[in-house]
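I set out here what I looked up in this structure, entry by entry. The overall fold comes before the single residues.

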Amino acid sequence: MTAPITWPDFFIILAVTASCMLASRVLPMMLLKGKELPTRVSDALGYIPPAAFAALVANDLLTPGMFDAGLWPAGAPLAAALVVMVVARLTKSLLWCAVAGIAAYSLLMLI
C-alpha cells in the first residue's frame, strides 16, 4: 500500500507539469514567430490533426472486448463509421459527417 500524496508534493508536481506544458507550447511559438518552416516540416505537421483524430476515433470504435455483448452492439458503430467515411469522401464537410454519423448511429440503434 502506498502513502497518499501530500499537498506540498502535489503542488511541486503541478508546478513542474505546468512549467513543462507551458514551455513545450509557448516556447516553440515564441522562437518560430515570423519564421517560415521548411516545406517538409510543414507537410509533416499537417498530418498531426488527422492522425490524432483517427487515433481518438479508433480508440472508441475498436476495443478489446467489443464483441462481448454480441455482434450487433459492436457492428453498429462500425457501420455508422463507414457511413461517415462515405459522406466524408463525397462532401469533405465536417458538418455533414457529424450529421450523417449521428443519423446513421441513431437509426442503427433503433433496429
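I took helices (H or I, at least four residues) and strands (E, at least two) as DSSP runs, numbered from the N terminus. On that basis I counted five helices and zero strands in the chain. Read along the sequence, the pattern is α-α-α-α-α. I then looked up the radius of gyration: at 22 Å it is well over the 13 Å that the globule rule gives for 111 residues, so the chain is more spread out than a compact globule. That radius is taken over C-alpha atoms, and the globule rule is 2.2 Å times the number of residues to the power 0.38.

I note the basis of these entries. The model is predicted, local features need pLDDT of at least 70, side-chain atom pairs count only at pLDDT 80 or more, and totals for chains, interfaces and linings use all residues. Residues are numbered from 1 along each chain as its sequence is written, and side-chain values use heavy atoms, with hydrogens and water left out.

Extent and domains. I found that the C-alpha trace spans about 55 × 55 × 20 Å along its principal axes. The domain assignment, which is automatic or from a database, gives domain 1 (1-35) and domain 2 (38-109). I read 32 Å between the C-alpha centres of domain 1 and domain 2.

Surface and contacts. I looked up burial, where buried means under 20% relative accessible area, exposed over 50%, and partly exposed in between (1.4 Å probe, protein chains only). Buried residues make up 11% of the 111 residues. The accessible surface, from the Shrake-Rupley method with a 1.4 Å probe, comes to about 9400 Å², and 76% of this belongs to carbon and sulfur atoms. For contacts (heavy atoms within 4.5 Å), I noted that 37% of those between residues at least 6 apart in sequence join residues at least 24 apart.

Single residues. I located Phe67 in the loop between α3 (48-61) and α4 (71-91). Phe67 is partly exposed, with a relative accessible area of 47%. From Phe67 to Leu31 I read 49 Å, C-alpha to C-alpha, across 36 residues of sequence.

I next placed Ala51 in helix α3. Ala51 is also listed as partly exposed, at 46% relative accessible area. Ala51 and Ala69 lie 18 residues apart in sequence and 29 Å apart in space, C-alpha to C-alpha.

Which residue did I find with a positive phi, though other than glycine? It is Lys92, whose phi is near 55°. I found Lys92 in the loop between α4 and α5 (94-110). Lys92 counts as exposed, at 68% relative accessibility.
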